[in-house]
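Subject: Handing over the model

Dear colleague,

I am passing on the structure below, together with notes on what was found in it. Please read the notes with the structure open beside them.

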Amino acid sequence: MSPRTKKQFDEIREQSREKILKAALELFAEQGYHNTSIEQIRKKAEVSKGLIYNYFETKEQLLNDLVADSMAEGESYIEEMSALTTAREKLRYIIDLSFHFIVERAQYYRLLTALALQVDHFPHLKGVVIGKYYGLMPMLESLFAEIGIPRTKEEASLFAAIIDGVGIEYCVLKEALPVDNIKNYLIEKYVNFSS
């Protein structure tokens, strides 16, 4: 058997990191950040404690990396959206993506919701969240203005609050919440808006 290449070692390293992040996400979402220990993460990921500390110096760094990975993923979605040509297409993309995220990534959404309610305990994350919010609002206002929706500032805030509310309700109600009906209503209200 030939020795592993640098590329193979990098792939193994990334797989281990992802395994740890996945276990942490599941536990943070189920039990909360403060109620989850590194030992629980180690057991769930089926790795040694030393391996966890090889990738993450602290539990908070693990959490920060989870959020940073999500933010990077969000940036890639914004790039995809930028390739669309009309405001209606872009807004439809945002709605579709938001609902996909709420349903398909429910654990992550649950974690983000819990963190949002405790954001004062995580100053680094508070800055990231506020920065993203203030970056998103002008983009939504611009899309609403291009579509012709009045009171763009208020509508952008309302739209963001509706998406957050649906996410929170889905965390609690799961399949009992009529997410498709709500999604279709938002498409009708905003994407298909006519003055």
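This is a predicted model: local features need pLDDT of at least 70, side-chain atom pairs count only at pLDDT 80 or more; totals for chains, interfaces and linings use all residues.

Residues are numbered from 1 along each chain as its sequence is written, and side-chain values use heavy atoms, with hydrogens and water left out.

Overall fold

The chain has nine helices and zero strands, where helices (H or I, at least four residues) and strands (E, at least two) are DSSP runs numbered from the N terminus. Taken along the principal axes, the box filled by the C-alpha atoms is roughly 65 × 40 × 30 Å. Of the 195 residues, 36% count as buried, with buried meaning under 20% relative accessible area, exposed over 50% and partly exposed in between, for a 1.4 Å probe and protein chains only. Among contacts (heavy atoms within 4.5 Å) with a separation of 6 or more, 66% are between residues 24 or more positions apart.

The largest pocket

The largest pocket has a volume of about 1,400 Å³. On a 1 Å grid over the protein atoms alone, a pocket is an open set of points where a 1.4 Å probe fits, with protein on both sides within 12 Å along at least five of seven lines, and lining residues have an atom within 4 Å of a point. The volume is the space filled by probe spheres set on the points, which are joined across faces, edges and corners. The lining consists of 38 residues, and those nearest the centre of the pocket are Met71, Leu112, Lys132, Leu136 and Asp164. Two or more lining residues come from each of helix H4 (59-82), helix H5 (87-104), helix H6 (106-117), helix H7 (123-147) and helix H8 (152-173), and H7 gives the largest share, with 10 residues. By class, the lining has 28 nonpolar, five polar and five charged residues, where Ala, Val, Leu, Ile, Met, Phe, Trp, Tyr, Cys and Pro count as nonpolar, Asp, Glu, Lys and Arg as charged, and the others, Gly among them, as polar.

Aromatic residues

The whole structure holds seven aromatic pairs, a pair being two rings of Phe, Tyr or Trp (its six-membered ring) with centres within 6.5 Å, called stacked if the planes are under 30 degrees apart, edge-to-face if over 60 and tilted for the rest. One of them, between tyrosine 55 and phenylalanine 56, is tilted, at 6.3 Å centre to centre and 50 degrees between the planes; tyrosine 55 is buried at 14% relative accessible area, and phenylalanine 56 is buried at 0%. The rings of phenylalanine 144 and phenylalanine 159 make an edge-to-face pair, because their planes stand at 80 degrees, with the centres 5.9 Å apart. This pair links distant parts of the chain, since phenylalanine 144 is in helix H7 and phenylalanine 159 is in helix H8, 15 residues apart, and both residues are buried.

Ring pairs also link Phe101, Tyr108 and Tyr109 into a cluster. Tyrosine 109 lies in helix H6 and is buried, with a relative accessible area of 9%. Leaving out residues up to four places away in sequence, tyrosine 109 touches Phe101, Ile102, Ile163, Asp164, Gly167, Ile168 and Cys171.

Tyrosine 170, in helix H8, is buried at 6% relative accessibility. With the residues up to four places away in sequence again left out, tyrosine 170 touches Ile102, Val103, Ala106, Glu175, Leu177 and Val179.

Two loop positions

Glutamate 46 is not a glycine, yet has a positive phi of about 60 degrees; this residue is in the loop between helix H2 (38-45) and helix H3 (49-55) and is exposed, at 66% relative accessible area. Lysine 174, also not a glycine, has a positive phi of about 50 degrees; lysine 174 lies in the loop between H8 and helix H9 (179-191) and is partly exposed, at 32%.

With best regards
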